[in-house]
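Reader: I'd like to learn how to read salt bridges and helix packing in a model. Could you walk me through them?

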Amino acid sequence: MKKVVCFGEIMLRLAPVGYQRFEQTPSFEAVYGGGEANVCVSLANYGEDAVFVTKVPENPIGQAAVNEMRRYGVDTRHMIRGGERLGIYFCEKGASQRPSKVVYDRAHSSISGAKKEDFDWKKIFEGATWFHFTGITPALGDDVAECVLDACKAAKEAGLTTSCDLNFRKNLWTSEKAGKVMAQFMPYVDVCIANEEDAEKVFGIKADNTDITGGKLSHEGYKDVAKKLKERFGFKAVAITLRGSISASDNNWAAMLYKDNEFYFSRNYAIHIIDRVGGGDSFGGGLIYALMNNYSNGDALEFAVAASCLKHTIEGDHNHVTVSEVKALMGGDGSGRVQR
């Protein structure tokens, strides 16, 4: 069991029942999730010592978020209390040609008001081997970005491996601000994770011969993106998820890993989507688990993609799968036959 620390926001997700639209639903289903929280749950499900660090309000909703993480075996000792409220996001699931929609209600959330004095990173990182964060967290405010930088420096000093999912969110900040802020963290990052748009939106590095909306993704274009990211920031590894969007209901799903000066491309999965939120997070959780446990580069990538493929079939933000289930899909058992 290896100790992994994830820092970010956990939110309340409110979603219309089934595929109803916001304007027509009489009720909302409530679950909890967030980029780093989702990674933490994946790692706990895989048997690792997953530690989630955040700030939640000192009220019953904040406690419900803590309880949500506890029920999956996540260490919540460093989920501190304070601030005004828990962030909320509303999620309308798309279908066929109608895209999913997200509406944020997270202004003045507890984590957005966090100060670097709130977290004793030296203590938090005791016994840890890995630190993970995403580009969502520093987008919440300058003080939170300072917390992230403080954590990155402490992780480097403690000898941890650090991973970052760029996770650009246009509803939280501009590309210009994202590039400026995220660049200060990159010297401390060993493993950079991105999707087919993040590198362009954050650092202006665009894949050639690629049409994201049309589902056309160029392998050579993303090789160039990974090389440029490594050259600019010195990453040990760059992973890029490759989503070919046929519709909101059906996607092609694969990924690329650039590590040890070699390129690895996973098999492609044709997935019928039940819930795509958390798909990238489940990839990150799978990749962290596999790299920590000394999988070969190719197998680490295949594990991460298979884990994420399974997440697309599961309601909610979290990926409720086991290592054996992921390995079964890696081995070619994607039939979906009943297991008795």
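Author: Happy to! A salt bridge is counted when a side-chain nitrogen of Lys or Arg lies within 4 Å of a carboxyl oxygen of Asp or Glu. Keep in mind that this is a predicted model. Here R13, D275 and D317 are joined in a network of salt bridges.

Reader: How many salt bridges does the structure hold?

Author: There are 19 salt bridges. Let's look at some of them. R106 and E9 meet through their side chains, at 2.6 Å from N to O. This pair links distant parts of the chain, 97 residues apart. R106 sits in the loop between β7 (101-105) and α3 (121-124), while E9 sits in the loop between β1 (3-7) and β2 (11-16).

Reader: Are R106 and E9 buried or exposed?

Author: The idea is to compare the relative accessible area with a cut-off: under 20% is buried and over 50% is exposed. R106 has 9% relative accessibility, so R106 counts as buried. E9 has 4%, so E9 counts as buried too.

Reader: Which residue forms a salt bridge with R77, and is R77 buried or exposed?

Author: The partner of R77 is D75, with the closest N and O atoms 2.6 Å apart. R77 is exposed, at 64% relative accessibility, whereas D75 is buried, with a relative accessible area of 12%.

Reader: What about K93, which residue does it pair with?

Author: K93 forms a salt bridge with E315, and their closest N and O atoms are 3.1 Å apart. K93 lies in the loop between β6 (88-92) and β7, and E315 in the loop between α9 and α10, so the pair ties together parts 222 residues apart in sequence. K93 is buried, with a relative accessible area of 9%, and E315 is partly exposed, at 47%.

Reader: Now for helices. How should I describe a packed pair?

Author: Two packed helices are described by the angle between their axes and the distance between the axes. Take helix α9 (residues 297-311) and helix α10 (residues 323-330): they pack at an angle of about 105°, with their axes 9 Å apart. That makes α9 roughly perpendicular to α10.

Reader: Which residues of α9 and α10 meet?

Author: On the α9 side they are D299, E302, F303, A306, A307, C309 and L310. They meet V323, E325, V326, K327, L329 and M330 in α10. By class, this contact has nine nonpolar, no polar and four charged residues.

Reader: How do α8 and α9 cross?

Author: The axes of helix α8 (residues 279-292) and α9 come within 7 Å and cross at roughly 145°. The crossing of α8 past α9 is right-handed. From α8, the contact involves G279, S282, F283, G286, L287, Y289, A290 and L291. From α9, it involves A300, L301, F303, A304, V305, A307, S308 and K311. The residues of this contact divide into 11 nonpolar, four polar and one charged.

Reader: Could we zoom in on one residue? Where is A304 placed, and what does A304 touch?

Author: A304 is in helix α9. Leaving out residues up to four places away in sequence, A304 touches S282, F283, G286 and L287. At 0% relative accessibility, A304 counts as buried. For a sense of distance, the C-alpha atoms of A304 and T162 are separated by 17 Å, with the two residues 142 residues apart along the chain.

Technical notes. Residues are numbered from 1 along each chain as its sequence is written. This is a predicted model: local features need pLDDT of at least 70, side-chain atom pairs count only at pLDDT 80 or more; totals for chains, interfaces and linings use all residues. Side-chain values use heavy atoms; hydrogens and water are left out. Axes are lines fitted to C-alpha atoms, for helices over the stretch in contact, and angles run from 0 to 180 degrees between N-to-C directions. Helices (H or I, at least four residues) and strands (E, at least two) are DSSP runs, numbered from the N terminus. Angles under 35 degrees count as roughly parallel, over 145 as roughly antiparallel, 65 to 115 as roughly perpendicular and the rest as oblique. Contact means heavy atoms within 4.5 Å. Ala, Val, Leu, Ile, Met, Phe, Trp, Tyr, Cys and Pro count as nonpolar, Asp, Glu, Lys and Arg as charged, and the others, Gly among them, as polar. A crossing is left-handed if the near helix is turned anticlockwise from the far one by less than a right angle, and right-handed if clockwise. Buried means under 20% relative accessible area, exposed over 50%, partly exposed in between (1.4 Å probe, protein chains only).
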